[in-house]
Amino acid sequence: MLILISKFDPLLKHHIDDAVMKSEKVCKKCNSGSASVGRPGNLLTMLSKTTADYIIESIGQLIRKTIVDDINKALFFTIQIDSTQNVNVHDQLCVIIRYVTDSVNERLLAFIKCTSGTGQDLCLLVRRLLENSGIDIKKCIGSSTDSASNMRGEYKGFSAWLKKEVPEALHVWCHAHVLNLVMTDVTKMCVDGIIFFGLLNAIAVFVRESYLIVIHKYHSVIL
């Protein structure tokens, strides 16, 4: 990608050409090989995906440290969590911290892979994240989640386990999820609404799955 972008960026192209040239000189002295056609190949140019991943990870750590320092300056904070599946069908827990300094701040602290969706396990994941980040969980004065039982359950939900860690913490439903529940209940009471949203859902399914029909017909013609 960098090599492709360099074709349209003279400054980046100069840097890459310079890195390749210097590496070629060292490589020839050591008789350790030469570059492949069209790309740096086995030359030491620091342009590999592995190096890019290291740089991205380092930038992420610096950003996280800045966020943690700001949170620790605040007297208290609240936490928002929600889980969703990525394209690999792995559950990821999104952890957002909301705190006040000179202004109200809302920061994404981390995405955590979670293998269990119980309220207790989610609370343990969050507690470990805060501890590893150097944030005192006792400063948490509230939490916001959706209306799922594993989140807001009175006895085994995330908020119930968080209260055991911080008894003063208050739980607040996410207003977007509350609005979603209201809209769901309202549309269930209206026949026209049921027909309309049913039609929208059928169109979405057709658009998403129609290519399978085309592929099936294409294979049938070939066979």
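## Starting at the surface

A residue counts as exposed when its relative accessible area is over 50%, as buried when that area is under 20%, and as partly exposed in between. Histidine 175 has a relative accessible area of 66%, so this residue is exposed. You'll find histidine 175 in helix H7, which covers residues 175-188. Although histidine 175 and serine 144 are 31 residues apart in sequence, their C-alpha atoms are 9.2 Å apart in space.

One thing to keep in mind as you look around: this is a predicted model.

## The overall plan

The protein has eight helices and five strands. If you walk along the sequence, the elements come in the pattern α-α-α-β-β-β-α-β-α-α-β-α-α. Of the 223 residues in the protein, 26% are buried.

As a bit of background, strands of a sheet pair through backbone hydrogen bonds, and they can do so either parallel or antiparallel.

Let's go through some of the pairs. E2 and E3 are antiparallel and share nine bridges. They form a hairpin, with three residues between the two strands. To spot this pairing in the structure, look for valine 100, which stands opposite valine 104 in E3. E1 and strand E2 (residues 91-100) also pair in the antiparallel sense, over nine bridges. Here, isoleucine 81 stands opposite valine 95 in E2.

Then comes a parallel pair: strand E1 (residues 77-85) and strand E4 (residues 140-145) run in the parallel sense, joined over four bridges. Threonine 78 has glycine 142 in E4 as its bridge partner.

Is isoleucine 97 buried or exposed? Its relative accessibility is 0%, and buried means under 20%, so isoleucine 97 counts as buried. Isoleucine 97 and isoleucine 67 are 30 residues apart in sequence, while their C-alpha atoms are 9.2 Å apart in space.

## Helix H4 and its two faces

Helix H4 runs over residues 119-133, which makes 15 residues.

Which residues of H4 are buried? They are Gly119, Leu122, Cys123, Leu125, Val126, Leu129, Leu130 and Ser133. Around the axis they cover an arc of only 160°, so they lie on the same side of H4. After H4 comes glycine 134, which has a positive phi, near 85°.

## Rings and a charge

How many aromatic pairs does a search of the whole structure find? It finds one. The partners are phenylalanine 196 and phenylalanine 197, with ring centres 5.2 Å apart and 75° between the planes. Planes over 60 degrees apart count as edge-to-face, so that is the label for this pair. Phenylalanine 196 has a relative accessible area of 46%, so it is partly exposed. Phenylalanine 197, at 42% relative accessibility, is partly exposed as well.

Elsewhere, a lysine meets a ring. Lysine 164 lies over the face of tryptophan 161, at 3.8 Å from the ring centre.

## Helix H8

Helix H8 covers residues 191-222, and isoleucine 194 lies in it. With 47% relative accessibility, isoleucine 194 counts as partly exposed. Isoleucine 194 and threonine 184 are 10 residues apart in sequence and 9.9 Å apart in space, going from C-alpha to C-alpha.

Key: Residues numbered from 1 in each chain as written. Predicted model: local features only at pLDDT ≥ 70, side-chain atom pairs only at ≥ 80, totals over all residues. Heavy atoms only, no water. Phe/Tyr/Trp six-rings, centres within 6.5 Å; stacked < 30°, edge-to-face > 60°. Buried < 20%, exposed > 50% of the residue type's maximum accessible area, 1.4 Å probe, protein only. Lys NZ or Arg CZ within 6 Å of the ring centre and 35° of its normal. Expected span 1.5 Å × (residues − 1). Arc of directions from axis to C-beta. Pairing = 2+ DSSP bridges.
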